[in-house]
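Trainee: Could we go through this structure together? I would like to begin with the contacts.

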Amino acid sequence: FPSHDKVLAGEGNKEFLEVAKKDIDLSVFTVEQQVNEIINFSKSSSLSLSEISFYQVLNHAIKQILSVHQEMNLKLHYEFNCQSKVIADQSRLSMVLSNLIANAVEAIKDIGGRTTGNIFFNTKSLDKKFIFKIINDGPEIPSHILRDIFKPLVTYGKANGTGLGLASVAKTIHEHGGSVQANNLPGKGVEFVIELH
């Protein structure tokens with residue numbers, strides 16, 4: 001591989017520069033994600049609610065996260081059983097979904113030590129509530145961590161975790177009048193469940 005000076009001078013070979021670009025993109029994304037988690041957790045701005053397409057926001061979040069985890073070979077499974085419209089703050093919901101998807105990928109990659117895995121997306125309607133589940137087949141979360149997973153500064157197995165990502169998810173969902181929970185699925189992985197009213 002070329003030296004740092006050669007890279008700065010633009011003398012690196014194309015393959016090396018492509019790898020370096022992916023590393024930089026991932027680093028930038030990681031920092032952006034950490035900053036967004038801190039800002040989203042600490043701010044107390046009012047929600048800008050409107051009727052939006054949940055699936056459109058989900059699709060954007062999936063593309064965003066997978067674009068920076070191109071080394072992963074993930075199978076995505078979808079089971080959508082209700083209409084797409086929800087009343088929510090689109091930008092805040094986007095951050096929630098991006099966080100949960102990144103969490104699923106990192107559970108498989110960082111905690112499970114794998115580059116392959118499965119992520120399941122499920123929606124249904126129950127008692128006029130919109131229910132979204134995301135399940136990854138990474139390792140289960142120890143019960144003492146699972147109990148506090150949505151509390152600030154709790155993190156598990158992620159090298160770059162701020163401990164605010166899932167706390168921010170919970171805060172945003174509660175501000176929407178909804179609820180969120182995490183459950184181990186013995187022998188299957190971990191699920192996160194969001195209910196929006």
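Mentor: A contact here means heavy atoms within 4.5 Å. Please keep in mind that this is a predicted model.

Trainee: What share of the contacts with a separation of 6 or more comes from residues 24 or more positions apart?

Mentor: Such residues account for 71% of those contacts in the protein.

Trainee: And which elements does the protein have?

Mentor: There are six helices and seven strands. Starting at the N terminus, their order is α-α-β-α-β-β-α-β-β-α-α-β-β.

Trainee: Turning to strand 7, is it enclosed or open, and why?

Mentor: Strand 7 spans residues 189-196, and eight of its eight residues are buried, so the rest of the structure largely encloses it. Across the 197 residues of the protein, 44% count as buried.

Trainee: Which strands pair with strand 7?

Mentor: Strand 5 (residues 129-136) runs antiparallel to strand 7, with seven bridges joining them. Strand 6 (residues 179-185) also pairs with strand 7 in the antiparallel sense, over seven bridges.

Trainee: Which bridge partners are found in strand 7?

Mentor: Among them, glutamate 195 is the partner of isoleucine 131, and glycine 189 is the partner of leucine 185.

Trainee: What about the hairpin of strand 6 and strand 7?

Mentor: Three residues lie between the two strands, and glycine 187 in this hairpin takes a positive phi near 80°.

Trainee: A change of topic: how many aromatic pairs are there?

Mentor: The structure holds eight. One aromatic cluster is formed by Phe54, Tyr55, Tyr78, Phe80, Phe121, Phe130 and Phe132.

Methods:
Residues numbered from 1 in each chain as written. Predicted model: local features only at pLDDT ≥ 70, side-chain atom pairs only at ≥ 80, totals over all residues. Heavy atoms only, no water. Phe/Tyr/Trp six-rings, centres within 6.5 Å; stacked < 30°, edge-to-face > 60°. Helix = DSSP H or I, 4+ residues; strand = E, 2+ residues; numbered from the N terminus. Buried < 20%, exposed > 50% of the residue type's maximum accessible area, 1.4 Å probe, protein only. Pairing = 2+ DSSP bridges.
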